[in-house]
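Please consider the following structure with attention to its helices, its sheet and its nonpolar cores. A short briefing accompanies it.

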Amino acid sequence: MPASKETIVDLLRRDPAFSGVDDADLKSLASMMGHREYPKGSFIITKNDESSTLYVLVSGRVKVSIASPEGKELALSYLDAPSYFGEIGVAEPSPRAADVIATTDIEVLSIDGKDLARVFSMRPELAIALVATLSRRLRDMILRLEGMAFHDATHRVMRVLLNVATASYEARGVPVIEGLTHYEIATLAGTSRETASRVISNLQRDGVVATKGRKIVIDLFGLRDLVERD
């Protein structure tokens, strides 16, 4: 059943990017947006899709990945709510470059690129926020490519841990990696699960990381020092 305009407004208020938007503009934006829930494992975007929809992830986690014809997968990133995806299809009318897959049950809002242009005319600061998101993801991708080209697997795993924990600290005030398995960390680092587990175990022995259930707590200063020295 489609969400009401009031429900969409409430969901938008959870996102820091919309915290300064007044009620009238939020209601106008909500009238242009769709709402949908997807179960774990669903493909939200498929590579080579022609759509120009921007998605606002309001709950859950998605994986952005590409796959070879032989079925090998490379995870480009994992996104947690609140976040956005599909923005490249809005900025450039070309086929989608990657798959976006729900790794948990998720809830999204969606808006077509043409409607988004109207939103930007009302709230130019939202366009600036979208550009900032694109810039940050491009910077992270450059760092990953640099790591794969010039550093060994140990460095790459440490860099992934540092990046994810830093993002958690900036968003929630705690340097914690939650919900990512060793396999998923390995795919982000471009290595095997066994190697990622070994690196995490060594860092735990050195006191740089601590595991609490399914959470990995990171000493940001200690890990940053190791990455910079490596």
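Predicted model: local features only at pLDDT ≥ 70, side-chain atom pairs only at ≥ 80, totals over all residues.

Residues are numbered from 1 along each chain as its sequence is written, and side-chain values use heavy atoms, with hydrogens and water left out. Helices (H or I, at least four residues) and strands (E, at least two) are DSSP runs, numbered from the N terminus.

**Helix α7**

- Six of the eight residues of α7 are buried, so this helix is largely enclosed by the rest of the structure; buried means under 20% relative accessible area, exposed over 50% and partly exposed in between, with a 1.4 Å probe and protein chains only.
- The buried residues of α7 are Glu184, Ile185, Ala186, Thr187, Leu188 and Ala189.
- Gly190, which follows α7, has a positive phi near 70°.

**Helix α8**

- Helix α8 covers residues 193-205, and its 13 residues reach 18 Å from the first C-alpha to the last, close to the 18 Å expected at 1.5 Å a residue (the expected span is 1.5 Å times one less than the number of residues).
- Thr195, Ala196, Ser197, Val199, Ile200 and Leu203 are buried in α8.
- The buried residues of α8 pack against α6 (153-172), α7 (182-189), β10 (209-212), β11 (215-218) and α9 (220-229).
- Gly207 follows α8 and has a positive phi, near 80°.

**The three-stranded sheet**

- Three strands form an open sheet in the order β9-β11-β10, with antiparallel pairing; two strands pair if DSSP finds at least two bridges between them.
- β9 (176-178) and β10 stand at the edges with a single partner strand each, so one side of each has no neighbour in the sheet.
- β9 and β11 run antiparallel and are joined by three bridges.
- Val176 stands opposite Val217 in β11.

**Nonpolar cores**

- The largest nonpolar core has 25 residues, and those with the most contacts inside it are Leu161, Ile185, Leu203, Ile218 and Leu223; such a core is a set of buried Ala, Val, Leu, Ile, Met, Phe, Trp, Tyr and Cys residues joined through side-chain atoms within 4.5 Å.
- At least two residues of this core come from each of β5 (73-80), α6, α7, α8, β11 and α9.
- α6 gives the most to this core, with six residues.
- A second, separate core of 20 residues includes Phe18, Met32, Leu109 and Leu116.

Technical notes
Contact = heavy atoms within 4.5 Å.
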